[in-house]
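I opened this notebook to record what I looked up in the structure. The entries follow the order in which I consulted it.

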2 protein chains.
Amino acid sequence: MPVKDNYKDLLNFRNLKSTKQRNAILEELESSVRPLTAEDLFLNLKEKNISISMSTVYRVLDTLVKNGIAQQTSLPQTNKAFYELKQKEHHHHLICIKCEKMLHLDGCPLNDYVKQLEKQSGFSIEGHTLEIYGYCDKCKPED
Amino acid sequence: MPVKDNYKDLLNFRNLKSTKQRNAILEELESSVRPLTAEDLFLNLKEKNISISMSTVYRVLDTLVKNGIAQQTSLPQTNKAFYELKQKEHHHHLICIKCEKMLHLDGCPLNDYVKQLEKQSGFSIEGHTLEIYGYCDKCKPED
DNA sequence: ATGCAAATGCGAATTATTCCTATTTGGAGG
DNA sequence: CCTCCAAATAGGAATAATTCGCATTTGCAT
């Protein structure tokens with residue numbers, strides 16, 4: 001099944017060459033249900049015998065972010081960056097502190113708040129980070 | 001003026017010893033209008049001829065966070081941690097991407113949202129991170 | 001004043017990420 | 001299809017932020 005294993009058009013449209021590594025990273029990101037770290041991507045691709053180096057992973061991610069194709073998320077209590085494809089719709093995550101399960105939340109509760117804040121603060125607001133965390137039903141501490 | 005230069009009670013209450021370094025860090029955090037990094041604290045204290053090492057800064061911050069005295073914030077597009085005293089009231093920041101100015105926002109727009117989410121998701125929600133960023137009026141790009 | 005658990009200092013180790021340079025490669029143009 | 005070159009990659013060294021291990025010091029209960 002020759003699925004969308006090639007992202008040539010998407011890349012060329014932004015004057016980016018279609019390379020094995022970029023295609024592979026896009027494929028990983030697209031097929032993942034959760035944001036991935038640079039290391040996740042590196043290991044996943046190694047696993048599939050796709051040759052790639054960490055510096056390339058970082059450079060590709062950076063390029064994708066700069067071109068609006070991917071976006072970076074950083075989670076509380078970690079100091080590494082997670083990446084995912086930019087969705088049609090802006091959204092946030094609900095994360096389990098214990099098992100790291102990550103639920104995709106529909107919509108954003110902040111649209112109105114941000115608009116109002118922009119007016120009253122004089123800032124030109126570019127974005128926001130929001131991640132909600134806790135324990136999923138399986139990981140809830142007994143009490 | 002013998003201001004509150006000693007946090008003995010606050011510390012002892014949590015079974016923490018009152019040390020020169022801990023007092024100094026608490027004082028710095030209390031007198032700062034914005035969250036500080038471990039390095040900020042280290043340099044500020046050096047400046048005041050208070051002997052301290054980076055590992056102590058990190059250890060103290062960690063202890064303060066674990067004891068609910070301070071809290072960690074991490075800003076978009078940086079990969080270092082910022083710390084501030086835990087305020088009476090939970091709040092967020094509005095940050096200028098360019099000059100790093102940081103405004104303290106009153107209240108939290110998410111209280112209801114989180115309550116509702118907790119009900120419908122089955123998670124036991126422990127908290128959330130929210131930082132809003134953009135350009136302050138002085139740093140707005142011309143157009 | 002004494003003793004000991006707790007806290008600190010210092011440097012080495014780890015982790016995440018960026019940078020440098022030589023080599024390879026996609027794809028435009030002949 | 002060849003050729004060519006700017007763009008992309010590999011590999012490893014460098015940097016930045018943070019953590020760790022262990023010897024020494026210090027707060028504070030007695």
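**Entry 1: the sheet of chain B.** I began with an open sheet of three strands in chain B, which has the order 1-3-2 and antiparallel pairing. Helices (H or I, at least four residues) and strands (E, at least two) are DSSP runs numbered from the N terminus, and two strands pair if DSSP finds at least two bridges between them. At the edges I found strand 1 (36–37) and strand 2 (70–74) of chain B, each of which pairs on one side only. Strand 2 of chain B runs antiparallel to strand 3 (residues 81–85) of chain B, and five bridges join them. Opposite B:Thr73 I located B:Phe82 in strand 3 of chain B. Helix 4 (residues 54–66) of chain B packs on this sheet and touches strand 2 and strand 3 of chain B; contact means heavy atoms within 4.5 Å. The direction of helix 4 makes about 110° with that of strand 2 of chain B. For such angles, axes are lines fitted to C-alpha atoms, for helices over the stretch in contact, and the angles run from 0 to 180 degrees between N-to-C directions.

**Entry 2: basis of the values.** I note that this is a predicted model, in which local features need pLDDT of at least 70 and side-chain atom pairs count only at pLDDT 80 or more, while totals for chains, interfaces and linings use all residues. Residues are numbered from 1 along each chain as its sequence is written, chains are lettered from A and ligands numbered from 1 in the order in which they are written, and side-chain values use heavy atoms, with hydrogens and water left out.

**Entry 3: strand 4 of chain A.** I asked how many residues of strand 4 (residues 92–96) of chain A are buried. The count is five of its five residues, where buried means under 20% relative accessible area, exposed over 50% and partly exposed in between (1.4 Å probe, protein chains only). A:His92, A:Leu94 and A:Cys96 point one way, and A:His93 and A:Ile95 the other way. Strand 4 pairs with strand 5 (residues 102–105) of chain A in the antiparallel sense over four bridges, and A:His93 has A:His104 as its bridge partner. With strand 6 of chain A, strand 4 of chain A pairs in the parallel sense, over four bridges; there A:Cys96 stands opposite A:Gly134.

**Entry 4: helix 5 of chain A.** A:Gly122 follows the helix with a positive phi, near 80°.

**Entry 5: the two chains together.** The contact takes 30 residues from chain B and 31 residues from chain A. The chains bury about 2700 Å² between them, 70% of it on carbon and sulfur atoms; buried area is the accessible area (1.4 Å probe) that two parts lose on being put together, summed over both. In chain B, B:Tyr113, B:Phe123 and B:Thr129 lose the most area to chain A, together 23% of what that side buries. I also noted that 100% of the interface residues of chain B are interface residues in chain A, so the copies meet through the same surface.
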